[in-house]
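Colleague: I would like to go through this model with you step by step, and I will ask about one part at a time.

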Amino acid sequence: MIYLITGGERSGKSSYAENLAKGLSDKPMYVATARKWDDDFQKRIDRHQKDRDERWINIEKEKHLSEIDFSGKVAIVDCVTLWLTNFFVDTKNDVSLCLEQAKAEFDAIANQENATIIIVTNEIGMGVHAETHIGRKFTELQGWMNQYIAATADTVVLMVSGIPVTIKEKK
């Protein structure tokens, strides 16, 4: 089962995903994809880790999600935007290569047996138009990857001002 939780910044995506995971499992897994870019980002990571209690299995994985055994587990992957950023930087902004690598990683986790994966992503293309060429390339990459994940997902929820709006649900 794959859930995709999408929306704008601070729309309530992560809180919704965490509540969903806790409702589905007594010991959910939290996969954080953030790279520790600087001290401010480390503080953000530390704050998020403190928000999760002893019920959570916490895993830090910047890119290679396929190395994680999701079988039989309920897991959150938070978030696609930071995960894609790691590919984008490491491929020197090669959108095609980035998309190919990210799709391969997603396919590998999506095909694991008896896993419930809750994926958090951002709708960055709904906001302000990126000022730079590289920003526009990343926005396109994010949009294409979101579409790819949404096509496979069983349920897609758009968060709007803290309100979940289900936009796809397989019965």
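Colleague: Which residue in strand 7 stands opposite Val-157?

Modeller: Please keep in mind that this is a predicted model. Strand 6, which covers residues 155–160, pairs with strand 7 in the antiparallel sense over 6 bridges. Within strand 7, the residue that stands opposite Val-157 is Thr-166.

Colleague: Which strands stand at the edges, each with a single partner strand?

Modeller: The sheet is an open one, formed by 7 strands with mixed pairing, and their order is 3-2-4-5-1-6-7. A strand with a single partner has one side left without a neighbour in the sheet, so the edges are held by strand 3 (57–60) and strand 7 (163–169).

Colleague: Which element has the lowest mean pLDDT?

Modeller: For the protein, the mean pLDDT is 91, and 94% of the residues reach 70 or more. Among the elements, strand 5 (residues 116–120) has the highest mean, 98, while the lowest, 70, belongs to helix 2 (residues 39–51), so the answer is helix 2.

Colleague: Is Ser-25 buried or exposed?

Modeller: Ser-25 is placed in the loop between helix 1 (13–24) and strand 2 (29–32), and its side chain reaches the backbone nitrogen of Lys-27 at 3.0 Å. Its relative accessibility is 18%, and because buried means under 20%, Ser-25 counts as buried.

Colleague: What kind of aromatic pair do Tyr-30 and Trp-56 form?

Modeller: Tyr-30 lies in strand 2 and Trp-56 in the loop between helix 2 and strand 3, so this pair ties together parts that are 26 residues apart in sequence. Tyr-30 counts as buried at 4% relative accessibility, and Trp-56 counts as buried at 7%. The ring centres are 5.8 Å apart, with 80° between the planes, and because an angle over 60 degrees counts as edge-to-face, the pair is edge-to-face.

Technical notes. Residues numbered from 1 in each chain as written. Heavy atoms only, no water. pLDDT = per-residue confidence, 0-100. Helix = DSSP H or I, 4+ residues; strand = E, 2+ residues; numbered from the N terminus. Pairing = 2+ DSSP bridges. Buried < 20%, exposed > 50% of the residue type's maximum accessible area, 1.4 Å probe, protein only. Polar contact = N/O pair within 3.5 Å; in protein donor to acceptor, adjacent residues only side chain to side chain. Phe/Tyr/Trp six-rings, centres within 6.5 Å; stacked < 30°, edge-to-face > 60°.
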